[in-house]
Amino acid sequence: SQQNAEEIFRSLGRGVVILEQEEQLFSYMKSYGAMHKAKLVTAFSQFPFEKMTGNCIEVYDWSCGQGMASFVLLEYLRDHNIQLPINRFTLIEPSEIALKRASLHVKHFDPEVQIKTILKDMDSLSSTDVCCINECLTLHLFSNILDVEAFSMQHLINVIKQSFDG
């Protein structure tokens, strides 16, 4: 019903609450998906993918939601015929239902890629959660998380500094 759709949309808290129901996943994508995709494509169009050389690349999608940054990245690479040896996606998200959906979305684009999921919010993360594959280049995706004030930015910075070189 129309009333139910409006209630579900309001339950999204302008896109910053932890989603708990499948209907919220659908409503979020319907309400915010096109805008997020446009921002991601614009960012990816400015990124120097040609400089990412090496045997493997590991992608970290921080507070990934339904994995939009990851699957838009894979779609962008495919559509622009850019070959990157992505070895693993690490998807970090406090919503279990959204994290499962993110994993499905990434697998849709690349059924062979390794996926590591971390069911935690940013403040609960430690450097041991996000260990990287040392010989791989690391690409960090922060799609719509850095402007959310619901976590400690300093904690996130410390986790990244302790976990990654470069």
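The points below take these topics in turn.

This is a predicted model, where local features need pLDDT of at least 70, side-chain atom pairs count only at pLDDT 80 or more, and totals for chains, interfaces and linings use all residues. Residues are numbered from 1 along each chain as its sequence is written, and side-chain values use heavy atoms, without hydrogens and water.

**Disulfide**
- The count is 1 disulfide, a disulfide being a pair of cysteine sulfur atoms within 2.5 Å.
- C56 and C136 form the link, with S to S at 1.9 Å.
- The link of C56 and C136 is left-handed, at -105 degrees about the S-S bond.
- C56 sits in the loop between α2 (22-45) and β1 (57-61), and C136 in the loop between β3 (114-118) and β4 (137-141), so the pair ties together parts 80 residues apart in sequence.
- Helices (H or I, at least four residues) and strands (E, at least two) are DSSP runs, numbered from the N terminus.
- C56 is buried, at 10% relative accessible area.
- C136 is buried too, at 9%.
- Buried means under 20% relative accessible area, exposed over 50%, partly exposed in between (1.4 Å probe, protein chains only).

**Helix α4**
- Helix α4 (residues 96-109) has 14 residues and should span 20 Å at 1.5 Å a residue; its end C-alpha atoms are 21 Å apart, which agrees.
- The expected span is 1.5 Å times one less than the number of residues.
- Buried residues in α4 are A98, L99, R101, A102, S103 and V106.

**Second largest pocket**
- Its lining includes L74, R78, F109 and D110.
- A pocket is an open set of points on a 1 Å grid over the protein atoms alone, where a 1.4 Å probe fits, with protein on both sides within 12 Å along at least five of seven lines; lining residues have an atom within 4 Å of a point.
- Helix α3 (residues 68-79) gives the most to this lining, with 3 residues.
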